Amino acid sequence: MVMRDLAAEQLSKMQAIVIEGMRRSSQVLSEMTGREIGLLNPVIGLVPISRIPDIAGGGECEAVGVYLGVDGDICAHTILLFPRKSAFELIDLLLERPLGTTTELDEMGRSCLGEVGNITGSFFLNALAEKSGLLMRPTPPEVIQDMVGAILSMVLAELSVESDEGFMVETAFAEKTKAINGFFFVIPVCGSLEKIMESLGAGC
Amino acid sequence: MADEVIAVGLGEIKLSSSPGSVLVCYGLGSCVGVSLYDVRHRIAGLAHVVLPSSSIARATDMVGKFADTAIPALLEALVEMGAAKSAIEAKITGGAKMFSAPSLSNVLDVGSKNVVAVKEALKASGLTLVAEDCGGSYGRTMQVFVRDGRVRIRTIGKSEVEL
């Protein structure tokens, strides 16, 4: 499989780009909320597709996912995934309400998380575009609440066509003492991973 | 006594003849869980199908990923374990459409295509589909009880379905 041939060097370049993108998005989130929102050590890796839902809390775990497509020179999908409780706490933080206020996903919460997904995805893409010189455009976010496995299923189906592994970043936003766990999936499809790696190999 | 839970991940096939065990696909979305159960010998097999056809994919050794290869492989493994094909009943669930974003155009219909392909593959293998709960836009956890072949389907915010 293509993924397995990824050189450690390329993987670490990718990791640096992800961290840079996430760092910038946490800055924007801090500005948005007027609170210091940091980012906890992102862990990055290639994971067998059959195990990806387990890593994000288990296939049945109730979560909120923000999907963002990518087109342009490459074709990819990104999903920012928060366990239900984390998603609701993040909404409370963003809306400056006491933690625990949000108990279901309403339109306001949905648009809040859509915006977080938009920011995280866009900043990651910007960082990647800068380093690779490839053109990338994010699509508008789509927010759903369901089981982790179900949220990831369509994207993993497309990935399954060409690989048995997926590229994944695990991270958490944190505000003072409150860590909000989230998972950020980047799934390049249609040969886009090779394209990105080629550009990175030549570019930096 | 707690049942032994055997998780079946994406593209995997698992079997069991131990009466106390439960085969489970957690959080099926567009994927389809296919349960084949020999009612006579009480042997169960569960496949977690991700895509309709192996012809569109790059080579892989995960036959369980595709409807057209998963069902023959699951049947063969069951027969090897002592199951009688004539006593096998099939039950399926999943095949939902979770997102509608245009950028997912390649997989927008993957759920319904999976269901169609699974049914075709069952027919091609000469197996009888006795029950199904497919489609919609929500996730499902599918449990297959080896003791009696019952299938229980959990969702979020809906009542449990039994097949």
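**Entry 1: the pocket**

Which strand gives the most to the lining of the largest pocket? I looked this up in a predicted model. I found strand S5 of chain A, residues 142–147, which gives four residues to that lining. I then read off the volume of the largest pocket, about 230 Å³.

Next I listed the lining. From chain A I noted Glu62, Arg110, Val143, Ile144, Gln145 and Asp146. From chain B I noted Met98, Ser137, Tyr138, Ile156 and Lys158. I sorted the lining residues by class and got five nonpolar, two polar and four charged.

**Entry 2**

I turned to two helices of chain A. Two packed helices are described by the angle between their axes and the distance between the axes. H3(A) covers residues 84–94 and H4(A) covers residues 107–132. I read an angle of about 90 degrees, with the axes 10 Å apart.

**Entry 3: positive phi**

I went through backbone angles next. Most residues other than glycine have a negative phi. I marked A:Glu96, with a positive phi near 55 degrees. I located A:Glu96 in the loop between H3 and H4 of chain A.

Is A:Glu96 buried or exposed? I put its relative accessible area at 54%. The exposed class starts over 50%, so A:Glu96 is exposed.

I also marked A:Cys190, whose phi is positive and near 55 degrees. A:Cys190 sits in a loop of chain A, between strand S7 (178–189) and helix H6 (192–203). I noted 52% relative accessibility for A:Cys190, which therefore counts as exposed.

**Entry 4: a proline in chain B**

Where does B:Pro19 lie? I placed B:Pro19 in the loop between strand S2 (13–16) and strand S3 (21–28) of chain B. I checked what B:Pro19 touches, leaving out residues up to four places away in sequence, and found B:Val146 and B:Arg147.

I also took a distance from B:Pro19 to B:Ser55. The two are 36 residues apart in sequence. In space they are 36 Å apart, C-alpha to C-alpha.

Methods
Residues numbered from 1 in each chain as written. Chains lettered and ligands numbered in written order. Predicted model: local features only at pLDDT ≥ 70, side-chain atom pairs only at ≥ 80, totals over all residues. Heavy atoms only, no water. Axes fitted to C-alpha atoms, helices over the stretch in contact; angles between N-to-C directions. 1 Å grid on protein atoms, 1.4 Å probe; cavity = no way out; pocket = protein on both sides within 12 Å on 5 of 7 lines; lining within 4 Å. Points joined across faces, edges and corners; volume = space filled by probe spheres on them. Nonpolar A, V, L, I, M, F, W, Y, C, P; charged D, E, K, R; others polar. Buried < 20%, exposed > 50% of the residue type's maximum accessible area, 1.4 Å probe, protein only. Contact = heavy atoms within 4.5 Å.
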